[in-house]
Amino acid sequence: MAFSASLPQSSSLSTKSSQFSCSLHTKLSSSSALLFGTPIHVCPTFISKANFVKPLVVNGKRVSGLEEAMRIKRERELRTSGASKRRPPLRRGKVSQQLPVPDHIPKPPYVETKVLPEISSEFQMHDAEGVAKMRAAGELAARVLEYAGTLVRPSVTTNEIDKAVHQMIIDAGAYPSPLGYGGFPKSVCTSVNECMCHGIPDSRQLQDGDIINIDVTVYLNGYHGDTSKTFFCGDVSGAMQRLVKVTEECLYKGIDVCRDGALFRKIGKRISEHAEKFGFGVVDRFVGHGVGTIFHSEPLIFHHRNDKSGFMVEGQTFTIEPILTLGSTECITWEDNWTTLTADGSPAAQFEHTILITKTGAEILTKC
Ligand SMILES: [Co+2]
């Protein structure tokens, strides 16, 4: 589950980010004009008969280059207008009653308070026993997420996914960490299409062509394991498939730079570099976080370019959880105070792992 950067900071960051993504798009389209401009100029389709002085030899290679250029142009048009406009905007469904948790299951301290906890300034480090418990929590979260993904298909409601996830976590003797966190009413976050994160499971049925991020956190033996993944529902558009694929790649690029002594800011640099190659935006409003016995703590992990100081230390556990968008990285939040959507309604995707910093790299704890 992503931690939301504080509001005053984020509003200035959002503005910066949208300017940044605008300049990025400009940069990309001018460089692609350079790449694909030449074949278009000599293409017979664009030369009127009056100017047509000598026969053009159209060889296969040139036609395929042109077709490729046209395909990329169509994709870009689809990306900025069609794909997001044809899809009906996300509407809130009915949220069912909170599910009960048996008394014998230990609950994290925030459940009783219903107040959104402050981010803890404590970096979470672990001894061998703590690492073993982090591994167990991470593995359970990964198994639950994998199972949740098998439920994704048209007509299934996000509430049904929540119920199944809740039951599986309870059956494993763990507590679903989002339930009651700052008043969050459900056991998992389900974020569909333009929902960036923190979607509340409800009565909405998944539609053919949707993408859905499922974000699972479990609290097992006093330790949280946090992971999320974006799944396809039925036949998903090429543009959205690419967004999802690149977002997952960004997560692994971020993990790749992690090791004892590495600067935190390298994560945001690598993720941004990869997203920029494809013209996708990186959301700066939501950040990764330290995780362990506390759900959300320092270090905050920025996925965008940043000049944050500090470096990783062996034994630390934190999440990396980039959100990429097809369009704007600015966001709006519904009145439920959780569900956060892209301001322009364009799709967003997210992937998340909990990792442990080691001498030589990072161990992914949320795997099964
Ligand atoms: Co998280």
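The buried residues of helix α7 pack against α6 (238-256), β7 (281-282), β9, β10 (317-320) and β11 (323-325). The names of helices and strands come from DSSP runs, numbered from the N terminus (helices are H or I, at least four residues; strands are E, at least two).

Before going on, keep in mind that this is a predicted model: local features need pLDDT of at least 70 and side-chain atom pairs count only at pLDDT 80 or more, while totals for chains, interfaces and linings use all residues. Residues are numbered from 1 along each chain as its sequence is written.

Back to α7 (residues 265-277). Its 13 residues reach 19 Å from first C-alpha to last, close to the 18 Å expected at 1.5 Å a residue (the expected span is 1.5 Å times one less than the number of residues). Its buried residues are I267, G268, R270, I271, S272, H274 and A275. Just after the helix, G279 takes a positive phi of about 75 degrees.

Now hop over to α5 (residues 158-171). Its 14 residues should span 20 Å, and its end C-alpha atoms are 20 Å apart, which agrees. Which residues of α5 are buried? They are T158, N159, I161, D162, V165, H166 and I169. Seen down the axis of α5, these fall within an arc of 150 degrees, so they line one face of the helix; the arc is that of the directions from the helix axis to the C-beta atoms. What covers them includes α4 (128-150), β2 (175-176), β3 (189-192) and β5 (211-220). Just after α5, G173 takes a positive phi of about 80 degrees.

Time to zoom out. The chain has 7 helices and 16 strands, and buried residues make up 41% of its 368 residues. Two residues count as in contact if their C-beta atoms, placed from the backbone, lie within 7 Å. Of the contacts with a separation of 6 or more, 75% are between residues 24 or more positions apart.

The largest nonpolar core has 69 residues, and V144, M196, V216, V218 and L324 touch the most other members. The largest share of this core, 8 residues, comes from α4. (A nonpolar core is a set of buried Ala, Val, Leu, Ile, Met, Phe, Trp, Tyr and Cys residues joined through C-beta atoms within 7 Å.) Leaving aside neighbours within four places in sequence, the contacts of L324 include L243, V246, A275 and F280.

Finally, look at the positions that UniProt marks. An unreviewed entry there gives the annotation "binding site" to D226, H289, E321 and E352. They span 127 residues in sequence, yet no two of their C-alpha atoms are more than 10.8 Å apart, so they gather at one spot. Such annotations may be inferred rather than shown by experiment.

Is D226 buried or exposed? With 30 C-beta neighbours inside 10 Å, D226 counts as buried. D226 is found in strand β6 (residues 223-232), and its contacts beyond four places in sequence include E352. H289 sits in strand β8 (residues 286-290) and is buried too, with 25 other C-beta atoms within 10 Å. A hairpin joins β8 to β9 through 6 residues.

Conventions. Buried ≥ 20, exposed ≤ 12 C-beta atoms within 10 Å, placed from the backbone. Pairing = 2+ DSSP bridges.
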